[in-house]
Amino acid sequence: MRQGIKRLAAGVLLSAVVLAATAFGASRETVLTVGVVAGSYWDAPTGNCYAVMDAAIARFEQAHPNVRVEYTSGILKRDYSEWLADQFLLGREPDVFLVLPEDFGMLAELGALQPLDSLLENDSAVSTGDFYDAARQSGEAGGVQYALPYECVPTLMFVNKTLLEAEGIPVPDNDWTWDDFYKICAQVTRDTDGDGTADQFGSYGYTWRDALASNGAALFDENGSSCLIAEPACVEAVEFAQRLEELYTDCDITARSFDEGHVAFRPFLFSDYRTYQPYPWRIKRYSDFEWDCIQMPGGPSGTGRSELSTVLAAISSRSSQQALTWELLKELTCSDETQAMLYTDSHSVSALRRVTQSPQTQQILRQDTPGESQLGLEILPDTMEQAVAAPHFRAYDQALLLAESLVATAMEDDHNLSLQLQRVQRELNEYLQN
Amino acid sequence: MQKDENLPLLRQVMLLINLALCAFVSAVFVLTPLRAARRGEGVHFLQGLGSLPAAPWSVAFAALGFAAFVAVDLAYRRGKLGSGRVAFWLEPGMAIIIILALHLDYNGLLLLAVVDLVDSLHDRGRMLFLGAMTSLYLLTSLDVLQSGLGMVSALDYLAYYEGQPRQLMQTAIGLLSALNLILFIGYMVILVGRRTEENAAIRRLNGELARANDKLSVLNSQLKDYAAQSERMAETRERNRLAREIHDTLGHALTGITAGADACIEMMDISPDMARKQMELIAKTARAGMNEVRRSVSALRPDALERFQLSEALAKLCGEMQQTSHAEIRLDIQPADMRLSQDEEDAVYRIVQESVTNAIRHGHATEIDVSLSCQERRMAIVVQDNGIGCAKIEQGFGLRHMRERLRLLGGSLRVNGTNGFRIEASIPLRWGDEI
């Protein structure tokens, strides 16, 4: 009898504890953490760098009661990679975080990122086709989608309209080619004040890598196991860069010459365009001449035009809140509201086709763009469609540095570039395979 | 005895080495990321790794697992785990938790578990246990499994450190692991050696036992011979005593009677009175002789009849025979008290004893019916068995003896061996003891 009462009491106590624990667990709010970069990845000055993120979080919290989203503010772009790595090492990584292009390869290879393929498949609201290909490919490694594009910035060609007008040359079309580019450069590069040295130049900052991207050529294969610099399309691109370089032999072109209006073309990030085009930045920096942006010139073998730089967002593979983190990731990367805010509160481009091509976006871009500027719905979507994603394997940054110095040396040698590039390719292959 | 002290000592040293190794590897797993993070070398550290390292707090599982491992072992040694079977699941289980928490980098704990448990297992259980543990050890040694599970090796962690400290740490881990392995092998060698010695001792003892048995059987047969001899001696002694008795009692009386009778014959014509006196004397001598004979006979009576009534004695006899032969003997006496004289009782007892003995010995009977009944001053003894019987009855000593006894009492005996074996004896009763 007594035993029975004791057992009953124990049972009641146990169920009470379980109930209390369940009730407590249910009423307690879930906390999700987000890793955010302070300021623009492309160093474009912005007002409130957290405006887009804050609005997205507010919307998410409203849709999910009992969920609170937190982030650590003030982590600058130059510290962000290290901060994220440290958090992973300490086991305190955020549930959802932005991934800088240079970190993506390493994080994906380490298995730090949650594969999104099954989530994408099972979610009817999202499809990979919503994104521009190059942007989506930036978040793909080994055929697996590990991250979705949060914001991106294409490279455009800055045109000094005043200079071209003075030379009697019309601003080129958006589908101009290397030949058009070379012809104009050769035409405008000359000595204007008659002191014996050239003081007006065709281009500044256009490198063999820009040529590579516009010729459909890649420096490395997708998984970073071999170098492709001796492939015909690459050789073509490097040859073109070399030819362009020869126009400026013995010339000293600096950023200053460009700022002062002595250079016709310069590759330019879209974010910079957005920063300097509107008043008052426009007046402050380039007051002496009229300017605009067009697409990069296309090479003979390629359909792409420029390399797209993409900041991604991903879910930690160790996050315990898989369903919620996916919702949050969607809020950041696939929500029209969040992505549209990139155009109002940031200087980057949304990777969502429907946002970038929407009338509202066109409207916003037009408001910011004075006069007869070409930029708007016509060129931005085309640029995004024709952009290519940079490779992102683990050793990419190191391999790229090595490639740049090797190719620069090869280009200095006048004899048989193709042979030189084969040597470069061999050396890079050796590096990659070790 | 010295070895019995050595084994626990070895085990304790192994436990300490394992503790040290686990603590060291744990420290590497916890402190290296902390150091990298504090120095702002997180990216550099991660670049050197093949996959994402587990969070430092996961090492706590190793600490808890180790505490549980030691607790299980203690409880097992103190016999608090009942049959101890639980320990064979718990200890390897804990070891696996620790091994997983330490990224499969150190699996020497399985050796410790073997050392802890192998001693109390035998034969098939031991083979199964050792087989399972060997498979686990091999499985956890696979680098493929480590990378397959996305675990980062301690060596990758150590690669973060520069030259000398790294070499020191690698050496420490290597040395301790090797020491653990050596202790394990030493333990097993000592254990196997001890087992071999034990087996040899058992074989020696068995040999001694067999020899002692042989001696004992020799002694036994000697004892049997001695018993037979002493039985024969007792028989001879008894015969001598009987001869003496007969000589002393009957011989004496008969001599007196013969002499008295001779005198009577002589005196009959001279003095009939004297002869009458002489006759009385002869009768007195005969009676005295009779009494003497009675006394002798009573000294020879069967033990049971001395102490019990005939019916009780027969019941006891049948009971004992039944017990010794396992044949079922049914005794039926009507009426229970028959007031027989001593020689009649003796005869009845002997006849029943002889018949039952024959039925069991020669007839191999399993059921024997013994019935005693009295009708018209005649006693009938019927012993019927279900044995093999015999077609032609050979007059053996037993039967002849029975006939003689019966003739003395004026009785008769009939035997029939066609349906089992049936003995029917009939004795006329005298009622009283006058002769």
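These questions and answers walk through helix packing, salt bridges, strand pairing and a surface patch in a predicted model.

Student: Which residues of helix 17 of chain A are buried?
Tutor: Helix 17 of chain A spans residues 359–368. Buried means under 20% relative accessible area. The residues in that class are A:Thr361, A:Gln362, A:Ile364 and A:Leu365.

Student: Within what arc do the buried residues of helix 17 of chain A fall?
Tutor: Look down the axis of helix 17 of chain A. Its buried residues line one face of the helix, because they fall within an arc of 160 degrees.

Student: Which exposed residues sit on the face of helix 17 of chain A turned away from its buried side?
Tutor: Exposed means over 50% relative accessible area. The face turned away from the buried side carries A:Pro359, A:Gln360 and A:Gln367.

Student: Which helices do the buried residues of helix 17 of chain A pack against?
Tutor: The partners belong to chain A as well. They are helix 12 (270–276), helix 15 (336–345), helix 16 (353–356) and helix 18 (379–386).

Student: How many residues apart in sequence are A:Asp123 and A:Lys330?
Tutor: A:Asp123 and A:Lys330 form a salt bridge, with the closest N and O atoms 2.5 Å apart. A:Asp123 lies in the loop between helix 5 (117–122) and helix 6 (133–138) of chain A, and A:Lys330 in helix 14 (residues 322–333) of chain A, so the pair ties together separate parts of the sequence. Both residues are buried. The separation in sequence is 207 residues.

Student: Is A:Arg136 buried or exposed?
Tutor: A:Arg136 meets A:Glu140 in a salt bridge at 3.2 Å, N to O. A:Glu140 counts as partly exposed, at 22% relative accessibility. A:Arg136 has a relative accessible area of 14%. With the cut-off for burial at under 20%, A:Arg136 is buried.

Student: Which strands of chain B hold B:Glu367 and B:Arg330?
Tutor: B:Glu367 and B:Arg330 form a salt bridge, with 3.2 Å between the closest N and O atoms. The pair links distant parts of the chain, 37 residues apart. B:Glu367 is partly exposed at 34% relative accessibility, and B:Arg330 is partly exposed at 32%. B:Glu367 is in strand 2 (residues 367–375), and B:Arg330 is in strand 1 (residues 328–334).

Student: How many salt bridges are there over all chains?
Tutor: Side chains of opposite charge can pair when their charged atoms come close. In chain B, B:Arg11, B:Asp73, B:Arg77 and B:Asp116 are linked in a network of such bridges. Over all chains, the count comes to 26.

Student: Why is strand 9 of chain A largely enclosed by the rest of the structure?
Tutor: Strand 9 of chain A covers residues 263–269, seven residues. It is largely enclosed because the number of buried residues among them is five.

Student: What is the bridge partner of A:Phe201 in strand 9 of chain A?
Tutor: Strand 9 of chain A pairs with strand 7 (residues 155–160) in the antiparallel sense over five bridges. There, A:Val159 has A:Phe265 as its bridge partner. Strand 8 (residues 201–203) and strand 9 pair in the parallel sense over two bridges. For A:Phe201, the partner is A:Val263.

Student: What is the relative accessible area of B:Ile97?
Tutor: B:Ile97 makes a nonpolar surface patch of about 350 Å² together with B:Trp57 and B:Phe61. B:Ile97 is placed in helix 4 (residues 85–101) of chain B. Patch residues need over 30% relative accessible area. B:Ile97 is partly exposed, with a value of 40%.

Key: Residues are numbered from 1 along each chain as its sequence is written. Chains are lettered from A and ligands numbered from 1 in the order in which they are written. This is a predicted model: local features need pLDDT of at least 70, side-chain atom pairs count only at pLDDT 80 or more; totals for chains, interfaces and linings use all residues. Side-chain values use heavy atoms; hydrogens and water are left out. Patches are made of residues with over 30% relative accessible area and no salt bridge: like charges are joined within 9 Å, nonpolar side chains (Val, Leu, Ile, Met, Phe, Trp, Tyr) within 5 Å. Accessible areas come from the Shrake-Rupley method with a 1.4 Å probe; for residues, only the protein chains shown count as cover. A salt bridge is a side-chain nitrogen of Lys or Arg within 4 Å of a carboxyl oxygen of Asp or Glu. Helices (H or I, at least four residues) and strands (E, at least two) are DSSP runs, numbered from the N terminus. Buried means under 20% relative accessible area, exposed over 50%, partly exposed in between (1.4 Å probe, protein chains only). The arc is that of the directions from the helix axis to the C-beta atoms. Contact means heavy atoms within 4.5 Å. Two strands pair if DSSP finds at least two bridges between them.
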